[in-house]
Amino acid sequence: MKKIALFLFVLLALVSCQKQPKQSGCVVQVALGHWVPTHYTAEQIIGRIDTVNQIMPVEKVIIGWTLDVDKKIYRQVGEYLHSKGIRMLLWLPLFAETEQVFDNSPAVDLWGRTPANYDSAASNAFRFNCPSDPKNIANLLDIYDRVFSDCGFDGVFLDRVRTQSFVCGVSGVLGCGCPLCVERFAAEGVDIQKVKSEFESQGDAFFSVSAYNPADGFVFENPLAAAFFKAKSHIVSSSVAAICDSLRSRNLEVGLDLYAPFMAPFVGQDYSILTAHADFIKPMLYRKTFAPAGMGYEYELLRKSLPGATGYPALEMDVDFLNSQLDAMARYDCGKYPGIELNYDKELVPTSPEYVAESLKAVKDHGFEGIVLSWNILEVPLSHLEALRSSPNQ
Ligand SMILES: [Zn+2]
């Protein structure tokens with residue numbers, strides 16, 4: 001009898017240790033506007049989350065970053081979410097879009113110039129800030145502590161954890177070149193004077209690559225270019241890691257908004273460092289977004305900015321490409337919630353219910369912790385939400 005009980009116990013333990021197919025968690029983003037008071041009401045937000053929750057159980061809500069003076073909207077939504085067992089995370093920008101509320105030092109390119117700014121999705125132009133200046137980092141923690149810490153948040157979702165991409169040409173990518181960052185590059189073994197003169201003599205060819213494979217990304221031909229982007233990723237990502245640690249020491253869950261793995265090195269995102277310090281990552285795997293962070297959009301900007309660089313293949317933004325990026329993020333050990341865009345705009349985001357269903361299936365097939373429905377659930381067409389229902393794996 002004892003033997004049978006022991007056998008059953010061992011069998012049970014073995015079964016429970018086996019990797020169970022994970023329950024797909026659904027995370028939604030609620031964009032309330034950037035620092036300004038929002039025009040949405042708590043009832044509208046709650047009503048929409050309720051609609052989604054009936055189609056696909058919602059696990060977390062990322063909401064921000066309006067400066068609602070009496071904090072009522074966050075508290076009211078938070079109370080509702082907590083009554084449903086849903087976590088609420090504050091959406092905060094880190095290295096850009098903070099100059100309205102802080103005295104920050106800007107990021108500069110290798111020649112000390114502030115790169116031009118552009119974001120079609122933002123209500124006004126914003127600039128990127130230096131990833132090394134301790135003041136910039138302290139400011140972000142300070143605004144959380146001063147303004148948001150008593151609103152009922154379970155965590156923080158950090159946006160803009162990067163430098164500028166190719167939206168304004170190569171200048172935004174070749175940074176930050178301020179004295180603080182130049183020192184950090186030197187500590188990583190990269191002499192910025194040499195990088196500058198190499199780029200000035202080689203031009204676009206400085207960026208030429210000898211290979212691309214989805215698992216390891218682009219392989220630079222010029223060893224100095226390879227060293228520069230490796231060091232840049234270390235510098236930017238170590239700063240992000242320090243902020244993650246500070247927030248987590250406040251007992252907050254931390255999520256990160258990331259570029260897709262193939263573009264991440266250009267904006268300073270080292271997945272190995274970042275995933276070791278965050279609770280979860282959300283790579284923006286947008287195939288139909290013709291604005292910053294859209295995968296095809298960003299890649300075409302790279303190719304247009306560097307007509308003289310060789311080795312960059314044409315990349316079709318089909319479901320195979322989506323799968324290649326999902327495969328590339330699979331090796332990292334933290335919560336993985338790929339972001340799929342559900343917003344719709346005829347020109348900027350021509351998504352469809354079929355696109356939503358196809359992308360959702362690809363994400364589910366990878367068995368990660370969940371998915372982020374991006375980037376503003378309040379503006380998603382109902383037809384796109386219905387498409388979440390029709391996924392074959394539901
Ligand atoms: Zn700097």
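Student: Is the crossing of helix α2 and helix α3 right-handed or left-handed?
Tutor: The model is predicted, so local features need pLDDT of at least 70 and side-chain atom pairs pLDDT 80 or more, while totals for chains, interfaces and linings use all residues. Residues are numbered from 1 along each chain as its sequence is written. A crossing is left-handed if the near helix is turned anticlockwise from the far one by less than a right angle, and right-handed if clockwise. For α2 and α3, the crossing is right-handed.

Student: At roughly what angle do the axes of α2 and α3 cross?
Tutor: Helix α2 covers residues 42-55 and helix α3 residues 72-83, as DSSP runs (H or I, at least four residues; strands are E, at least two) numbered from the N terminus. Their axes (lines fitted to C-alpha atoms over the stretch in contact, with N-to-C angles from 0 to 180 degrees) come within 9 Å and cross at roughly 30°.

Student: Which residues of α3 do Ala42, Ile45 and Ile46 meet?
Tutor: Two residues are in contact if their C-beta atoms, placed from the backbone, lie within 7 Å. The α2 residues Ala42, Ile45 and Ile46 meet, in α3, Ile73, Gln76, Val77 and Tyr80.

Student: Which residues of α11 do Val319, Leu322, Asn323 and Leu326 meet?
Tutor: The axes of α10 (residues 319-329) and α11 (residues 353-365) come within 10 Å and cross at roughly 30°, and the two helices are therefore roughly parallel to each other. Their crossing is right-handed. The four residues named belong to α10, and in α11 they meet Glu358, Ser359, Ala362 and Val363.

Student: Which residue of β8 is the bridge partner of Leu256?
Tutor: Strand β7 (residues 253-258) runs parallel to strand β8 (residues 280-283), with 4 bridges; strands pair if DSSP finds at least two. Asp257 stands opposite Lys282 in β8. For Leu256, the partner is Ile281.

Student: Which residue of β7 is the bridge partner of Leu158?
Tutor: Strand β4 (residues 155-159) pairs with β7 in the parallel sense over 4 bridges. Across that pairing, Leu158 has as its partner Leu256.

Student: Which residue of β9 stands opposite Phe280?
Tutor: Strand β9 (residues 335-336) runs parallel to β8, joined by 2 bridges. Opposite Phe280 stands Gly335.

Key: Buried ≥ 20, exposed ≤ 12 C-beta atoms within 10 Å, placed from the backbone. Parallel < 35°, antiparallel > 145°, perpendicular 65-115°, else oblique.
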